[in-house]
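Have a look at the model first, then work through the points below.

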Amino acid sequence: MFPPFKVRCTGLDKKAKYILLMDIVAADDCRYKFHNSRWMVAGKADPEMPKRMYIHPDSPATGEQWMSKVVTFHKLKLTNNISDKHGFTILNSMHKYQPRFHIVRANDILKLPYSTFRTYVFPETEFIAVTAYQNDKITQLKIDNNPFAKGFRDTGNGRREKRARGASRPAERSRCRGDVPGLPCGAGGGWTGG
């Protein structure tokens with residue numbers, strides 16, 4: 001997911017172990033369209049796929065470890081492919097979503113369902129999954145900052161970067177694996193939850 005969701009944890013028990021998770025849920029029951037330079041409701045939402053929890057790969061870790069750094073969910077992958085077999089989070093294009101961050105006090109993944117947890121929602125992280133970029137500045141942001149945006153760098157809007165590097169290899173045709181088309185590798189906005 002780019003830009004990645006980042007959060008700083010405080011107030012955890014330094015010695016206890018915690019598992020950090022994220023999921024992304026529908027923010028409303030609408031489908032959207034971009035018309036006359038603005039988003040507008042275009043009808044009722046499509047049915048949602050069952051939601052998948054993404055477990056941060058450093059889990060479980062002690063409260064002290066989690067609080068010592070900014071926690072980044074840069075490996076969370078999003079897709080609009082309903083047949084996904086990679087465990088990516090499946091979203092419907094042109095729908096609004098809200099990421100949710102969960103802290104679970106548990107020392108083992110198997111104990112997740114029976115453990116104490118807290119859920120945090122940061123309204124500023126809400127986004128619309130799109131099938132095409134609506135803003136050239138977003139495309140350029142992905143080209144400049146996302147290491148998975150090779151397809152954008154070497155073709156289309158990214159041609160200038162290829163020339164600048166003096167690259168002579170054929171243009172890559174792949175997109176960010178698991179990307180929701182049109183989102184910067186599956187996300188919107190610069191996210192830092194606090």
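This is a predicted model: local features need pLDDT of at least 70, side-chain atom pairs count only at pLDDT 80 or more; totals for chains, interfaces and linings use all residues.

**The chain overall**
- The chain has 194 residues, and 43% of them are buried.
- If you take contacts between residues at least 6 apart in sequence, 70% join residues at least 24 apart.

**Aromatic pairs**
- Searching the whole structure turns up eight aromatic pairs.
- One of them is F5 with F122, a tilted pair at 6.0 Å centre to centre and 45° between the planes.
- F5 sits in the segment before β1 (6-8) and F122 in the loop between β10 (116-120) and β11 (127-129), so this pair ties together parts that are 117 residues apart in sequence.
- F5 and F122 are both buried.
- Y54 and F73 also pair up, this time edge-to-face, with 6.1 Å centre to centre and 65° between the planes.
- That pair links distant parts of the chain, 19 residues apart: Y54 belongs to strand β4 (residues 54-55), while F73 is in the loop between β6 (70-72) and β7 (78-79).
- Why does Y54 count as buried? Its relative accessible area is 17%, and buried means under 20%.
- F73 is buried too, with a relative accessibility of 0%.
- Ring pairs join F5, Y54, F73, F101, Y120 and F122 into a cluster.

**The second largest pocket**
- Its volume is about 230 Å³.
- The second largest pocket is lined by 15 residues, and the closest to its centre are T10, L12, F101, I103 and Y120.
- F101 and Y120 turn up again here: they are among the residues closest to the pocket centre and also belong to the ring cluster.
- Which strands each supply at least two residues of this lining? They are β1, β9 (95-105) and β10.
- By residue type, the lining of the second largest pocket splits into nine nonpolar, three polar and three charged residues.

Note on methods:
Residues are numbered from 1 along each chain as its sequence is written. Side-chain values use heavy atoms; hydrogens and water are left out. Rings of Phe, Tyr and Trp (its six-membered ring) pair if their centres lie within 6.5 Å; planes under 30 degrees apart count as stacked, over 60 as edge-to-face and the rest as tilted. Helices (H or I, at least four residues) and strands (E, at least two) are DSSP runs, numbered from the N terminus. Buried means under 20% relative accessible area, exposed over 50%, partly exposed in between (1.4 Å probe, protein chains only). On a 1 Å grid over the protein atoms alone, a cavity is a set of points where a 1.4 Å probe fits but cannot get out, and a pocket is an open set with protein on both sides within 12 Å along at least five of seven lines; lining residues have an atom within 4 Å of a point. Grid points are joined across faces, edges and corners, and a volume is the space filled by probe spheres set on the points. Ala, Val, Leu, Ile, Met, Phe, Trp, Tyr, Cys and Pro count as nonpolar, Asp, Glu, Lys and Arg as charged, and the others, Gly among them, as polar. Contact means heavy atoms within 4.5 Å.
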